Amino acid sequence: HIDAKIVEDIHRVARDNSATLFMILLAGFMALLSRFSGQDDIVIGSPVANRARQETEPLIGLFVNTLALRGDLSDDPSFKTLLERIRRTVLDAHAHQDVPFEQIVDSLQLERSLSHTPLFQAMFLLQNDVMESLALSDLSRTTLEEETVTTKFDLTLSFDETADGLSGIMEYNTDRFDGATIDGMVAQFSHLVATMVSDV
């Protein structure tokens, strides 16, 4: 959980840098993975609604595509520099969001494996569409929590923005990580994001 005060700070930093909440959280996730892996070239996948054209807005159906977002963390960039790099990457990726992920994989002629996805093994999601309360006469409703027993990626970090801040879940491959490592990553991510926005 990231509390509402820090989320306010994140939104302020986003406005000041022509960025978004998504971009700042993604920059934090990339910085975290860079620290844990020792690599400065990080690729993270993220789903996109892929309804950029007005004519697709009223259509029913799943238009989701996956973007591969590459982060350059070379030369130990400041947060401001990293955010600018991530901002450009995200904007460029969204400008080409209608290019199917499979087409990109095919054009790169990547060797396929059943053990992992091509291009990236980490996924990042942010749900910040606040659902309005649903009033149904003579009916009650209950939101069911999704229980996941398998994972498609080594790591998936997902957030929902609520009135109380950000509520997050880190899903992980238990063949690669144990619970203590993930708990440490979650704590470091929260600290990292709070530190990044306070330094700007």
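In the predicted model, Thr151 touches Glu171, Tyr172 and Asn173, when residues up to four places away in sequence are not counted. Thr151 lies in the loop that runs between strand 4 (122-127) and strand 5 (155-162). The relative accessible area of Thr151 is 25%, and the residue is therefore classed as partly exposed. Two contacts of the Thr151 side chain were found. The side chain of Thr151 reaches the backbone oxygen of Phe153 at 2.8 Å, and a polar contact of 3.1 Å joins the side chains of Thr151 and Glu171. Thr174 is 23 residues from Thr151 along the chain, and the C-alpha atoms of Thr151 and Thr174 are separated by 9.0 Å.

Asp154 is also placed in the loop between strand 4 and strand 5. With a relative accessible area of 16%, Asp154 falls under the 20% limit and is therefore buried. Neighbours within four places in sequence aside, Asp154 is in contact with Gln121, Glu171, Tyr172, Asn173, Arg176 and Phe177. With one of these residues, Arg176, Asp154 makes a polar contact between side chains at 3.1 Å. Glu171, Tyr172 and Asn173 are contacted by Asp154 and are likewise touched by Thr151.

A further loop residue, Ser74, is located between strand 3 (65-72) and helix 3 (79-95). Ser74 counts as buried because its relative accessibility is 18%, the cut-off being 20%. Leaving aside neighbours within four places in sequence, the contacts of Ser74 are with Asp40 and Arg85.

The packing of helix 2 was examined against helix 1, helix 3 and helix 5 in turn. Helix 1 (residues 4-16) packs on helix 2 (residues 21-37) at an angle of about 105°, and the two axes are 8 Å apart. Helix 1 is therefore roughly perpendicular to helix 2. Helix 1 supplies Ile10, His11, Val13 and Ala14 to this contact, and helix 2 supplies Leu21, Ile24 and Leu25. In terms of residue class, the contact of helix 1 with helix 2 comprises 6 nonpolar residues and 1 polar residue, with no charged residues.

For helix 2 and helix 3, the axes come within 9 Å and cross at roughly 115°. An angle from 65 to 115 degrees counts as roughly perpendicular, and helix 2 and helix 3 are therefore assigned to that class. The crossing of helix 2 past helix 3 is right-handed. On the helix 2 side, Phe22, Met23, Ile24, Leu26, Ala27, Met30 and Ala31 meet Phe79, Leu82, Leu83, Ile86, Arg87, Val90 and Leu91 of helix 3. The residues of this contact divide into 13 nonpolar and 1 charged, with no polar residues.

Helix 2 packs against helix 5 (residues 179-198) at an angle of about 130°, with an axis separation of 9 Å. The two helices are therefore oblique to each other, and helix 2 and helix 5 form a right-handed crossing. From helix 2, the contact involves Ile24, Leu25, Gly28, Phe29, Ala31, Leu32, Leu33, Arg35 and Phe36. From helix 5, Thr181, Met185, Gln188, Phe189, Leu192, Val193, Met196 and Val197 take part. By class, the residues in the contact of helix 2 with helix 5 are 13 nonpolar, 3 polar and 1 charged. Ile24 of helix 2 is listed in the contact with helix 1, in the contact with helix 3 and in the contact with helix 5. Leu25 of helix 2 takes part in the contacts with helix 1 and helix 5, while Ala31 of helix 2 takes part in those with helix 3 and helix 5.

Conventions:
Residues numbered from 1 in each chain as written. Predicted model: local features only at pLDDT ≥ 70, side-chain atom pairs only at ≥ 80, totals over all residues. Heavy atoms only, no water. Helix = DSSP H or I, 4+ residues; strand = E, 2+ residues; numbered from the N terminus. Buried < 20%, exposed > 50% of the residue type's maximum accessible area, 1.4 Å probe, protein only. Contact = heavy atoms within 4.5 Å. Polar contact = N/O pair within 3.5 Å; in protein donor to acceptor, adjacent residues only side chain to side chain. Axes fitted to C-alpha atoms, helices over the stretch in contact; angles between N-to-C directions. Parallel < 35°, antiparallel > 145°, perpendicular 65-115°, else oblique. Nonpolar A, V, L, I, M, F, W, Y, C, P; charged D, E, K, R; others polar. Left-handed = near helix turned anticlockwise from the far one by under 90°.
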